[in-house]
Structure formats: structure tokens, C-alpha cells
Amino acid sequence: MSSYLLPTYKRQPISFVKGQGSYLYTADATPYLDALTGIAVCGLGHCHPRVTAAIADQAATLVHTSNLFGIDWQERAGEKLCQVAGMDKVFFANSGAEANEAALKMARLFASNRGQTQAKVIVMEKSFHGRTLLTVSATANPMARAGFFTLDDDFIRVPFGDIEAISQAIADNDNVCAVMLEPIQGESGVNTAANGFDFLTQVRKVCDDHDLLMILDEVQTGNGRTGRYFAYQYSSIKPDILTTAKGLGNGFPVGACMTSAKANDIFSYGSHGSTYGGTPLACRVVSEVIDVIDDENMMSNTLSNSAALIEQITSELGSQGVTVRGKGMMLGVVMPQDRGIAFDSLVDKARDNHHLIINVAGGNAIRLLPPLNMSADETAQIGERLIHLIQSALY
Ligand SMILES: *Cc1c(COP(=O)(O)O)cnc(C)c1O
């Protein structure tokens, strides 16, 4: 099929014309159970009525003014977001990459302000931080980086979970200014550090000992996805910079770069900006999303559904070597490598044979990112369809 679109995506041979709750619909009204939610974006399900109403009302009232003026909804959304995130200040952007770009620029300014001659940021193997030049340079995936003359000299890469490697990198280099990581790595297959969230505590200590910024990328893990508002809240530490996007707007494009303590004063007038960042419309949506997450007890729902789904999958498939990793509704169903499963064909089979939308990441992990407000019934449906899918793929 010819298309005017640049071929940056290998698209599946299907398109949806409508979404409601946990389902997507094709033009012939066939429902597909959505365990991907546009890659962890529509956490409240598709077209949540309260978010739809907020968009419609704000679209009819005021869409955009400019950051040259006061923006009431930006103040309100900023206060709500900082409160649930445990942070002090926020800069609103339009995407995850933009939020991370702001965080990395902040780290570079921090380095420059204190007289470092370069700004080296320690990042993790298997990380994903976005597609702008600076954020793709922080990203590990060689496919995303190839050919772009990435800024490799500005980053030091260490194994995820390896605190010794971080300490060594700091000892070896006078220009380290920050450590940046995802609490759970999403794009590379729902990877958790070997010592879980204790790793965050270790990173915090090293950053304190050496006066470095700790940057957490919660673009994917944020906004209730893991059963806490932000995944770092499973630990007792606080980052200096926290970024998020994806679930923040439930499909409306918006991102945020938040700061606490020593990062609050790095940016000043003129340091950074965005024409669209934090419009009345975007911020009205953020404000509504946060209210809905609270009003509908979405995180406790996430945790009970998550426990049920893990139990369902492991009791049925554990003996076949299938394991589940991750937290809340960010789960990786890890399949055995030696049972002849054609991992590349699972997405198509799930969609065509089971009307289930999934994603495969990190080679052999089915990545589940379903809505946070699914019913117990829908959760069990995902489990059932997944079990059939895997059983028929095993030999
Ligand atoms: C998706 C993602 C990004 C990039 O977000 P965009 O909105 O696509 O720019 C950055 N970091 C993480 C951890 C992500 O999952």
C-alpha cells in the first residue's frame, strides 16, 4: 500500500476507529481487548468520559494563550502534579522526550554553573529516554542511535542495577554531573534491577555523596502505572529531577519535568521554554486525569488486578517456564527461550486469533500495559487470552 507517510514505523495491518474503556474497535465494529493502551498512555482506558468532557469543555473555552501570560490551569495542574509526585516545581512539555530533554539540559546547566568543563551523565544499559538528539544519545538501543552522530562523549553507560559501576565511573571522571535511570525499564522488556527498588536508594546515596543530580525517567512508570503514583514511591528516597508523560494526559500529548531541592533553582528566566508547553487545554486534562486516578481508587484497583493476573498466568504457565516481572499494570510475561516460540509472530497471533492487543519487548517478554481501571472480569479475559496464545505457541 502506498502512503505519504515517512516509513518510520512498521505498522500492523489494522487500524482502529473507536475506543471505549478497555476496548478498541475496527470499522466493522470488531472489539479488541487492549493490553497496550497506546504504550502505557491511556491508563484510564480509552475516551474516559470525564477526560472527554474536560477536553470538550476546555476546547470551547480556551485552548492556548502563551507562556508569556499567567495560565490558571497550568498553576492548578502544577500544584496537583507536584503534590502527588512529592516534588516542588514543574516545567510542562509536550512529550516524554521533551521532558527528558529539559532534565538533561538542567543537568548540563548544573555542571556549567559549578565550573565543570563538560557535563557527563551516567545512564543505564538497555535504557530508553526518547528520540530527540540528546535523549536518543542517552538511550541504549543501537537501532535508535545508528547513524545520528549521537553525543556519546556526554554519557557514560553502566549496567542497570550495578552501583559499583556507577561509583567507578564517578571516580574515573571529574565531569559527571548526574545519574539518569528508569525505575523499571519499559521499552527493553520491563526490566527491574536485580535488587529491585533498593537500587534507587543506592543511587540516591552515591548522588548525595558526590553532589550529583539524580534524574528519574518515569515517562512510562508514572501516573499510577505501577500501583504507586510514581514508581520511586516504592522506595523512601526522592529524586532531584523526575520526568513523566505517557499516562499524564491519557492520550492528550503532555509531559512534565519536575524538580526538588537542589534542582529547583537551576533554570531561571530564559533558560528553557516551549510554545505549546502547558496550554490551558493540556493542563486541564492533566488536572482531570489526576482527579480521576484519585476518585476511582485506580492504584488499589491496579494492584489487585495485577496480583490476580500474575497468579492466573503463573498458575497456568509457571510449569512451562513462563515467569512474570514488573509491577502493577506494567508487566513482562517472560517466555522460555527453548520451547520453539516464534516471538516475532506473537503480536499478530494475539491480535488475529485472540483479539488481544499486546507488544513484545526485549526479545522474549510480552509487555502488558493495560488500563489501570479494568474490571476483574476484563483482567481475567486478558489472562485467558494470553494463556491460550502462549499454550498454542509452545511445542
Ligand atoms: C516513551 C518513553 C519516552 C519517550 O516519550 P515520548 O513521548 O515518545 O517522547 C522516554 N522515556 C521512557 C522511559 C519512555 O517509556
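**Pockets and cavities**

Modeller: The lining residues of the second largest pocket divide into eleven nonpolar, 14 polar and four charged, where Ala, Val, Leu, Ile, Met, Phe, Trp, Tyr, Cys and Pro count as nonpolar, Asp, Glu, Lys and Arg as charged, and the others, Gly among them, as polar. This is a predicted model, in which local features need pLDDT of at least 70 and side-chain atom pairs count only at pLDDT 80 or more, while totals for chains, interfaces and linings use all residues. Residues are numbered from 1 along each chain as its sequence is written, and side-chain values use heavy atoms, with hydrogens and water left out.

Colleague: How much space lies in that second largest pocket?

Modeller: About 910 Å³, a volume being the space filled by probe spheres set on grid points that are joined across faces, edges and corners. On a 1 Å grid over the protein atoms alone, a pocket is an open set of points with protein on both sides within 12 Å along at least five of seven lines, a cavity is a set where a 1.4 Å probe fits but cannot get out, and lining residues have an atom within 4 Å of a point.

Colleague: Which residues are closest to its centre?

Modeller: Of the 29 lining residues, those are Gln-74, Val-90, Phe-91, Phe-92 and Phe-267.

Colleague: And how many cavities of 30 Å³ or more are there?

Modeller: The search of the whole structure finds two; the largest has a volume of about 40 Å³, with Arg-225 and Leu-372 among the residues that line it.
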